[in-house]
Amino acid sequence: MNIFVIMKRTFDTEEKINVSGGQIDDSGAEFIINPYDEYAIEEAIVLRDEHGGEVTVVTVGTEDSEKELRTALAMGADKAVLIDSEDVEETDQFTTATLLATYLKDQEVDIILGGNVAVDGGSGQVGPRVAEMLGMPSVTTITKLTVDGNTATIVRDVEGDEETVEVSLPVLVTATQGLNEPRYPSLPGIMKAKKKPLETLDLDDLDLEEEDVEAKTKTVEIFLPPQKQAGKILEGETDAQVKELVSLLKSEAKVI
């Protein structure tokens, strides 16, 4: 099987991110593989080990993303591809999806996996956009994946319940928590990753111009939510507390 994983480099979820001048200040933050993409990488390796073939991990970013790609290789992926977006001034989900789809359309693809969302943006758009651009079906929020010949049987999470679907390959799926338990890179895996191929492509390699991938959206403002105020503790008899609560809901909370 020819298995591809679309991956994103994100800041560690434990990091404290500041907003300065209407922009996210991530200077000094630790970056990692987007946690949902780790499920996709793990599932790709499991499929490869079961059916044969190879796993290629693809990301859009700058040369800083090479560290996360090497981590994916250390987990067990066979090859990595970095699509360098440094020359693109403004990027959004359209930009990322267009770059990925342009690369993938020239590949022999059986299945593409990605994370359901990225923890930094949380839009969940890139995977379905790529599938639409490639003209292939997509299934999101999957928690189980079985491939038999040219058919994939997929269980997906639907707001606390499950839905089972069958789809013909090629297909793009996005992974969510519960699909598997991602492995940690082993020391031998880390050593082998240094020798595995990591290809870097730019707009010229993909026969694209900057205007072909320019962002379709513009961020107007970024701000942190207001700090929560301390709650109030009502004291006294129950009847008095009820009257005070109703009064506060009317005068302060303005919900009744």
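Predicted model: local features only at pLDDT ≥ 70, side-chain atom pairs only at ≥ 80, totals over all residues.
Nine strands make up an open sheet with mixed pairing, arranged in the order 11-10-9-12-8-1-6-7-13. The edges are formed by strand 11 (161-168) and strand 13 (198-201), each of which pairs on one side only. From one strand to the next, the twist averages 30 degrees. Strand 1 and strand 6 (residues 54-61) run parallel and are joined by 6 bridges; I3 has V55 of strand 6 as its bridge partner.

Two helices lie across several of these strands. Helix 2 (residues 66-75) lies across strand 1, strand 6, strand 7 (79-84) and strand 13, and runs at about 165 degrees to strand 7. Helix 3 lies across strand 1, strand 6, strand 7, strand 8 (111-115) and strand 13, with an angle of about 145 degrees to strand 6.

Helix 4 (residues 126-134) contains the buried residues G127, V130 and A131. These residues lie on the same side of helix 4, because they cover an arc of only 100 degrees around the axis. The elements that cover the buried residues of helix 4 include strand 1 (2-7), helix 3 (93-104), strand 9 (138-148) and strand 12 (171-175). Just after helix 4, G135 adopts a positive phi of about 70 degrees.

Definitions and conventions: Residues numbered from 1 in each chain as written. Heavy atoms only, no water. Buried < 20%, exposed > 50% of the residue type's maximum accessible area, 1.4 Å probe, protein only. Helix = DSSP H or I, 4+ residues; strand = E, 2+ residues; numbered from the N terminus. Arc of directions from axis to C-beta. Contact = heavy atoms within 4.5 Å. Pairing = 2+ DSSP bridges. Axes fitted to C-alpha atoms, helices over the stretch in contact; angles between N-to-C directions.
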